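Subject: Structure handover and notes

Dear colleague,

I am passing on to you the structure that I have been reading, and I would be glad if you went through it with my notes beside you. Please open it first, and then follow the notes in the order in which they come.

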Amino acid sequence: MIEVKDLHKTFKQQEVLKGISFKVEKGETVSIIGPSGSGKSTLLRCINGLEDYRDGSLTVEGQEVKDLTEKEIRELRKNLGMIFQHFSLLERKTVFENVALPLECFKYSKAEIEKRVMNLLELVGLADKRDAKPRNLSGGQKQRVAIARALALEPKVLLCDEATSALDPNTTKSILALLQDINEKMNI
Ligand code: ADP
Ligand code: MG
């Protein structure tokens, strides 16, 4: 599914990724561990084509990411959902609207959006918060909204960049349990 071979990435003089190699098979969960500044986010950004890389190979479903056209990159990103430490929700939009956003970008019908968003909110346990704004949610609830949004386009992979760093231990447990559940039920 994802195959990284001897990947190198440099910012100006600084070599950030120095020959990274690993494989991720479908349905697998892989954790990347390292101190702050060791290049974890950079690696994820290389996987979804947000960063370029110099040497080595990085393929997603057999396609070399740095050789993809703009259009192919868009397709790739559809297949790679992503969540972040600070949730990255739009504060002015409701929970429903945040989750609906990727579907609107891809011109899904209103009826389809309504159905998919409500299914996703059920999945993450937030159906009753559909009209709430992010500021009225707890950290854990915000991350649940972000997870629902990341799953909206039915990705094959969910990239999680320190998805629980901003959360307390109990909330962390519940978010990790949700991610495991998604992995097992949806084979993401
Ligand atoms: P991590 O996510 O493991 O904390 P990062 O991937 O964010 O690490 O950063 C790895 C290194 O690359 C750091 O030294 C950081 O300063 C540097 N870096 C990250 N992004 C950029 C950028 N856009 N330009 C220059 N240097 C960067
Ligand atoms: Mg990081």
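Is Val-124 buried or exposed? With a relative accessibility of 1%, Val-124 counts as buried, where buried means under 20% relative accessible area, exposed means over 50%, and partly exposed lies in between (1.4 Å probe, protein chains only).

Before going further, please keep in mind that this is a predicted model, in which local features need pLDDT of at least 70 and side-chain atom pairs count only at pLDDT 80 or more, while totals for chains, interfaces and linings use all residues. Residues are numbered from 1 along each chain as its sequence is written, chains are lettered from A and ligands numbered from 1 in the order in which they are written, and side-chain values use heavy atoms, with hydrogens and water left out.

To return to Val-124, this residue sits in the loop between α4 (110-123) and α5 (139-151); helices (H or I, at least four residues) and strands (E, at least two) are DSSP runs, numbered from the N terminus. If residues up to four places away in sequence are not counted, Val-124 touches Arg-144, Ile-147, Ala-148 and Leu-178, contact meaning heavy atoms within 4.5 Å.

The ligand

Which residues surround ligand 1? The shell consists of Phe-11, Gln-14, Val-16, Pro-35, Ser-36, Gly-37, Ser-38, Gly-39, Lys-40, Ser-41 and Thr-42, where a residue is counted as near if one of its heavy atoms lies within 4 Å. By type, these residues divide into three nonpolar, seven polar and one charged, with Ala, Val, Leu, Ile, Met, Phe, Trp, Tyr, Cys and Pro counted as nonpolar, Asp, Glu, Lys and Arg as charged, and the others, Gly among them, as polar.

An N or O atom in the side chain of Lys-40 is 2.8 Å from an oxygen atom of ligand 1, and an N or O atom in the side chain of Ser-41 is also 2.8 Å from an oxygen atom of the ligand. For Ser-38, a backbone N or O atom lies 3.3 Å from an oxygen atom of ligand 1. Taken alone, ligand 1 exposes 560 Å², of which the protein buries 60%; these accessible areas come from the Shrake-Rupley method with a 1.4 Å probe, and for residues only the protein chains shown count as cover.

Helix α1 and what follows it

Because six of its eight residues are buried, α1 is largely enclosed by the rest of the structure. The buried residues are Lys-40, Thr-42, Leu-43, Leu-44, Cys-46 and Ile-47, and they pack against β1 (2-11), β2, β3 (55-60), α2 (70-79), β5 (80-84) and β6 (157-161). Just after α1, Gly-49 takes a positive phi of about 75°.

Glu-51 is found in the loop between α1 and β3, and this residue is buried, with a relative accessible area of 19%. The side chain of Glu-51 makes a polar contact (a pair of N or O atoms within 3.5 Å; within protein, one must be able to donate a hydrogen and the other to accept it, and residues adjacent in sequence count only if both atoms are side-chain atoms) with the side chain of Lys-9, at 3.3 Å.

The cysteines

How many disulfides are there? The count comes to zero, a disulfide being a pair of cysteine sulfur atoms within 2.5 Å. Cys-46 is in no disulfide, and the nearest cysteine sulfur, that of Cys-160, is 17 Å away, which is too far for a bond. Cys-46 is buried at 0% relative accessibility, whereas Cys-160 is partly exposed at 30%.

Two residues with positive phi

Most residues other than glycine have a negative phi. Glu-154, in the loop between α5 and β6, has a positive phi near 55° and is exposed, with a relative accessible area of 54%. Asn-187, in the segment after α6 (169-186), has a positive phi of about 60° although it is not a glycine, and it counts as partly exposed at 36% relative accessibility.

With kind regards
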